[in-house]
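Hello,

Here is the structure I promised to pass on. Please look it over, then read my notes below.

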Amino acid sequence: MYLEQKRGNGEEVSYKITIADIARQAKVSVATVSRLYNHKSMVSEGTKARVQKAMLELGLEIDDIIMRGADVPSKKILINIPTISNPYYSEIVKGAQSAGTKRGYFVLINSQHLHNSFESFLYMVKHIDVNGVIILNSIDSESIDKLNNTIPLVQCAEFCDDRPELSYVGIDNLSATQKVMEHILSTGHRKVALISGPGRYKYSKERRTGYFKALEEAGIGINEDWIVQIPDVDFKLAYSACISLLNSDNRPDAVYALSDVFALSAIKAAETIGLKVPDDIIVSGFDDVDFTGYTSPSITTVRQPLYQLGYLSAEVLIDKIEKKNTSVQHIILDTEFIVRESTFVNKSKKEVGVNA
């Protein structure tokens, strides 16, 4: 807040007026002034008048919201992501923010894993003024019940198949993995490693299942030494694991990485030990985050409609909040398999897209 005053020579000077200044002038607490902007129904008319008088005495114009007798709700939704370090989540958040803005909602972002901190998250949700929650985390059935009984909820990407009463927006990980493995095996490579993520996540479980199924159908045995599980989607952790994997006497000749971060780590590890991608080893990722098309070599991957995942999740949630559509929504979006340089057998091939 600012008070504009003119001196005798016409020079305009800005004096910063804070909420604390207004509270001091009105002889009320800072929290009381804050509530006039956020929870006006909690402030008596007498106190409201005293604060307005103090603002006028300080030379401030009364904010239009404070002047109104009725509350103007501050509409907010919360989107929970496991981490801000994984670029996968940024486009999803952008989509949710776009839908929220269109519908008049602020989108707040909470970044934390919930498998060991759910109760603190639930406490926060109960004590902040949000209208609904979008969850991108792995969450057990008991916890999902608690959250769903507390606030309108939509699951995005990570969702419970056995809970048909819950709305979600996601993709078919098994179908997408089938496309990846069909492509890898079609190049003649048979020694396929898997760089997997945290086992608690739906995407990790389903993509692992798809990998095992593809090898089984091709009559290829499972080599446990080529299955690497990383506890978090972290480049450094994956890079170290890939160095060990590719330095082994019986190294793989192909890698299916369950995220593009893992795929990039495999490519950089191969370069470190003197292997060429795709000549000595081919690598495929998953997600199609921003950097995949600009690395050298560019990364073959599964393109998820990340922006649409976030946008539709917010749309479904806001409809639920506003009771415009009370039916449960189960939305599965298409993916696209993108072939790039990291799996080119024939370097003259151009990028192609295959719906998965």
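Glu 206 is buried, at 18% relative accessibility. Buried means under 20% relative accessible area, exposed means over 50%, and partly exposed lies in between (1.4 Å probe, protein chains only). Lys 202 is buried too, at 9%. The two side chains meet in a salt bridge, 2.7 Å from N to O. A salt bridge here is a side-chain nitrogen of Lys or Arg within 4 Å of a carboxyl oxygen of Asp or Glu. Glu 206 and Lys 202 sit 4 residues apart in helix H9 (residues 202-217), so about one helical turn separates them. Helices (H or I, at least four residues) and strands (E, at least two) are DSSP runs, numbered from the N terminus.

Before going further, some ground rules. This is a predicted model: local features need pLDDT of at least 70, side-chain atom pairs count only at pLDDT 80 or more, and totals for chains, interfaces and linings use all residues. Residues are numbered from 1 along each chain as its sequence is written, and side-chain values use heavy atoms, with hydrogens and water left out.

More on charge pairs. The whole structure holds 15 salt bridges. One network, joined through shared partners, takes in Arg 103, Glu 315, Asp 319, Glu 322 and Lys 324. Glu 91 pairs with Lys 94, with the closest N and O atoms 3.1 Å apart. These two are 3 residues apart in helix H5 (residues 88-102), so again about one helical turn lies between them. Lys 94 is partly exposed, at 43%.

Arg 163 and Asp 145 form another salt bridge, at 2.4 Å between the closest N and O atoms. Arg 163 lies in the loop between strand E6 (153-156) and strand E7 (168-171), and Asp 145 lies in helix H7 (residues 141-148), so the pair ties together parts 18 residues apart in sequence. Arg 163 is buried, at 11%. Asp 145 is partly exposed, at 31%.

Now the backbone. Most residues other than glycine have a negative phi, and most peptide bonds are trans. Ala 157 has a positive phi, near 70 degrees. Its place is the loop between E6 and E7, and Ala 157 is buried, at 16%. Asp 288 also has a positive phi, near 60 degrees. Asp 288 is in the loop between E11 and E12 and is buried, at 16%.

Which peptide bond near 5 degrees in omega is cis? The one from Ser 296 to Pro 297. Pro 297 is in the loop between E11 and strand E12 (301-303). Val 277 and Pro 278 are also joined by a cis bond, with omega about 15 degrees. Pro 278 is in the loop between helix H11 (260-272) and strand E11 (282-284).

Pro 87 is in the loop between strand E3 (76-81) and H5. Pro 87 is partly exposed, at 29%.

Last, the surface. Leu 108, in strand E4 (residues 106-111), is partly exposed, at 32%. Phe 106, Leu 108 and Ile 128 form a nonpolar surface patch with about 260 Å² of accessible area together. Patches take residues with over 30% relative accessible area and no salt bridge; like charges are joined within 9 Å, nonpolar side chains (Val, Leu, Ile, Met, Phe, Trp, Tyr) within 5 Å. Accessible areas come from the Shrake-Rupley method with a 1.4 Å probe; for residues, only the protein chains shown count as cover.

Best wishes
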